[in-house]
Amino acid sequence: MAGSKLAARIVEGIVAGGCVTFAIMLLSWFEKVEMPMLASIISFQKLDDVKFWAPPLAATAVTVFNAPSVPVLLDTIVVVAASACGAVSLVSLLGASEVARALAAGFSMLFMKVTGLPVAPSAAAFAVLFVDNAKLRELGIFYVLMPGVSGTIVLVLLGVIRLELLKLLGPSLKRCDPKGELTQCLLPK
């Protein structure tokens, strides 16, 4: 029995790790493709290009590809956007400081707990990154959209595709693994 549990974890790890790897590669590719018209429309001509990558998105990808259902995925967008908005507000009020950094992380956690939304550590990382990075602070409120929400939306869409594919593959997986010892953990809840 212990061997089948380990094998199931390995299968789940390979699928999740492969999804995270693909998603980060896709975001990196999107980051290289210039999209000036879209950026101009989204930012009312303030930005030259749409941004899709920031390091906290790696944590977001790990969260997304471990989500058991679509509603959990959609909540991730709300948490990231709200946390980044909070950081923008804090910097506007307090300036970029250690206090603003600490409050940005703390308010992110407070928001997740009070709303009952899933805990997404990457949301606090986005908030703190905004406080710490002068270049990002130049974006102001558009930081929330790019790369925070733009990258998160791409990841959530990929997460939804993953869940739908696994749902479609469910009958085939059942035939290959009737007891579900290796594949049950892959199926959406």
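From the N terminus on, the elements of the chain run α-α-α-α-α-α-α-α, which comes to eight helices and zero strands. Helices (H or I, at least four residues) and strands (E, at least two) are DSSP runs, numbered from the N terminus. This is a predicted model, in which local features need pLDDT of at least 70 and side-chain atom pairs count only at pLDDT 80 or more, while totals for chains, interfaces and linings use all residues. Residues are numbered from 1 along each chain as its sequence is written, and side-chain values use heavy atoms, with hydrogens and water left out.

**The whole chain**

Display the C-alpha trace first: along its principal axes it spans about 60 × 35 × 25 Å. Next, colour by pLDDT, the predictor's confidence in each residue, from 0 to 100. The chain averages 85, and 92% of the residues score at least 70. Of the 189 residues, 41% count as buried (under 20% relative accessible area, with exposed over 50% and partly exposed in between, for a 1.4 Å probe and protein chains only). For contacts (heavy atoms within 4.5 Å) with a separation of 6 or more, 70% come from residues 24 or more positions apart.

**Helix 4 and helix 6**

Select residues 70–94, which form helix 4, together with helix 6; the two pack at an angle of about 25°, with their axes 8 Å apart. Axes are lines fitted to C-alpha atoms, for helices over the stretch in contact, and angles run from 0 to 180 degrees between N-to-C directions. Helix 4 and helix 6 are therefore roughly parallel to each other (angles under 35 degrees count as roughly parallel, over 145 as roughly antiparallel, 65 to 115 as roughly perpendicular and the rest as oblique). Their crossing is right-handed, meaning that the near helix is turned clockwise from the far one by less than a right angle. Show side chains for the contact: helix 4 supplies Val79, Val80, Ser83, Ala87, Val88 and Val91, and helix 6 supplies Ser122, Ala123, Phe126, Ala127, Phe130 and Val131. By class, this contact has ten nonpolar, two polar and no charged residues. Ala, Val, Leu, Ile, Met, Phe, Trp, Tyr, Cys and Pro count as nonpolar, Asp, Glu, Lys and Arg as charged, and the others, Gly among them, as polar.

**Ser122**

Centre on Ser122, in helix 6. Ser122 is buried, with a relative accessible area of 1%. Leaving aside neighbours within four places in sequence, Ser122 is in contact with Pro56, Ala59, Thr60 and Val80.

**Helix 5 and helix 6**

Now select residues 98–115 (helix 5) and residues 121–132 (helix 6), whose axes come within 8 Å and cross at roughly 155°. Helix 5 and helix 6 are therefore roughly antiparallel to each other, and their crossing is right-handed. On helix 5 the contact is made by Ala100, Arg101, Ala104, Ala105, Ser108 and Met112, and on helix 6 by Ala123, Ala124, Ala127, Val128, Val131 and Asp132. The residues of this contact divide into nine nonpolar, one polar and two charged.

**Val154**

Finally, move to Val154 in helix 8 (residues 142–176). Val154 is buried, with a relative accessible area of 12%. Apart from neighbours within four places in sequence, Val154 is in contact with Leu26, Leu27, Phe30 and Phe52. A C-alpha to C-alpha distance drawn from Val154 to Val33 gives 14 Å in space, for residues 121 apart in sequence.
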